Amino acid sequence: QVQLVESGGGLVQAGGSLRLSCAASGSTDSFIVIGWYRQAPGKGRQLVADISSGGRLNYVDSAKGRFTISRDNAKNVVYLQMNSLKPDDTAVYYCNWKKFTGLQVRDYWGQGTQVTVSS
């Protein structure tokens, strides 16, 4: 089991910045990929950025150049630094931990943190 707790969301004006944190606990000894997803009202959950076990970083086009995903191995925390925020970035942001459990791949999710960007 992996427990994930997101924090750092809030209300910010367009052009502002926020740093989201995802604190992980439990069976965090391994992972395939750790990602940040978001879900806007009336829309499906979509990937924003992820980091693989090999350290490869991946961003969706809308996040490139504005968002940075990083991991503090010692603290077991994954961050999403978001700069130059736009109203379209308004969503609930979720942390995802993907790992092998036996021969199966399992997804773990946090409860989400709300990000609201005002124009």
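Strand E4, residues 33–39, is mostly covered: six of its seven residues are buried. Buried means under 20% relative accessible area, exposed means over 50%, and partly exposed lies in between, with a 1.4 Å probe and protein chains only. Strands (E, at least two residues) and helices (H or I, at least four) are DSSP runs, numbered from the N terminus.

The model is predicted: local features need pLDDT of at least 70, side-chain atom pairs count only at pLDDT 80 or more, and totals for chains, interfaces and linings use all residues. Residues are numbered from 1 along each chain as its sequence is written, and side-chain values use heavy atoms, with hydrogens and water left out.

Stay with E4 and look at its partners. Two strands pair if DSSP finds at least two bridges between them. E4 pairs with strand E5, residues 46–52, in the antiparallel sense over six bridges. Within this pairing, Gly-35 has Asp-50 of E5 as its bridge partner. The hairpin of E4 and E5 has six residues between the strands, and there Gly-42 takes a positive phi near 75°. E4 also pairs with strand E9, residues 91–101. These two strands run antiparallel and are joined by seven bridges. Here Tyr-37 stands opposite Tyr-94 in E9.

Next come the aromatic rings. A pair of aromatic rings is described by the distance of the centres and the angle of the planes. Rings of Phe, Tyr and Trp (its six-membered ring) pair if their centres lie within 6.5 Å; planes under 30 degrees apart count as stacked, over 60 as edge-to-face and the rest as tilted. A search of the whole structure finds three aromatic pairs. One of them joins Phe-31 and Trp-97, with 5.5 Å centre to centre and 65° between the planes, and is edge-to-face. This pair links distant parts of the chain. Phe-31 lies in the loop between strand E3 (18–26) and E4, Trp-97 lies in strand E9, and the two are 66 residues apart. Both Phe-31 and Trp-97 are buried.

Tyr-94 and Trp-109 have ring centres 6.5 Å apart and planes at 85°, so this pair is edge-to-face as well. Tyr-94 lies in strand E9 and Trp-109 in strand E10 (residues 104–109), so the pair ties together parts that are 15 residues apart in sequence. Tyr-94 counts as buried because its relative accessibility is 12%. Trp-109 counts as partly exposed because its relative accessibility is 35%. Ring pairs link Tyr-37, Tyr-94 and Trp-109 into a cluster.

A charged side chain joins the picture. A charge sits over a ring if NZ of Lys or CZ of Arg is within 6 Å of the ring centre and within 35 degrees of the ring normal. Arg-45 lies over the face of Tyr-94, at 3.6 Å from the ring centre. Arg-45 also lies over the face of Trp-109, at 4.6 Å from that ring centre.

Now turn to the open sheet. Four strands form it in the order E1-E3-E8-E7, with antiparallel pairing. Strand E1 (2–7) and strand E7 (67–72) stand at the edges, each with a single partner strand, so one side of each has no neighbour in the sheet. The twist averages 15° from one strand to the next. For such angles, axes are lines fitted to C-alpha atoms, for helices over the stretch in contact, and angles run from 0 to 180 degrees between N-to-C directions. E7 and E8 run antiparallel and are joined by six bridges. Arg-71 stands opposite Val-78 in E8.

Tyr-79 is also in strand E8. Tyr-79 is buried because its relative accessible area is 12%. Its C-alpha atom is separated by 5.5 Å from that of Leu-20, 59 residues apart along the chain. Contact means heavy atoms within 4.5 Å. Not counting residues up to four places away in sequence, Tyr-79 touches residues including Leu-20, Trp-36 and Ile-69.

The loops deserve a look too. Asn-76 sits in the loop between E7 and E8. Asn-76 has a positive phi of about 60° although it is not a glycine. Asn-76 is buried, with a relative accessible area of 16%. Ser-84 lies in the loop between E8 and E9. Its phi is near 50°, a positive value in a residue other than glycine. Ser-84 is partly exposed, with a relative accessible area of 41%.
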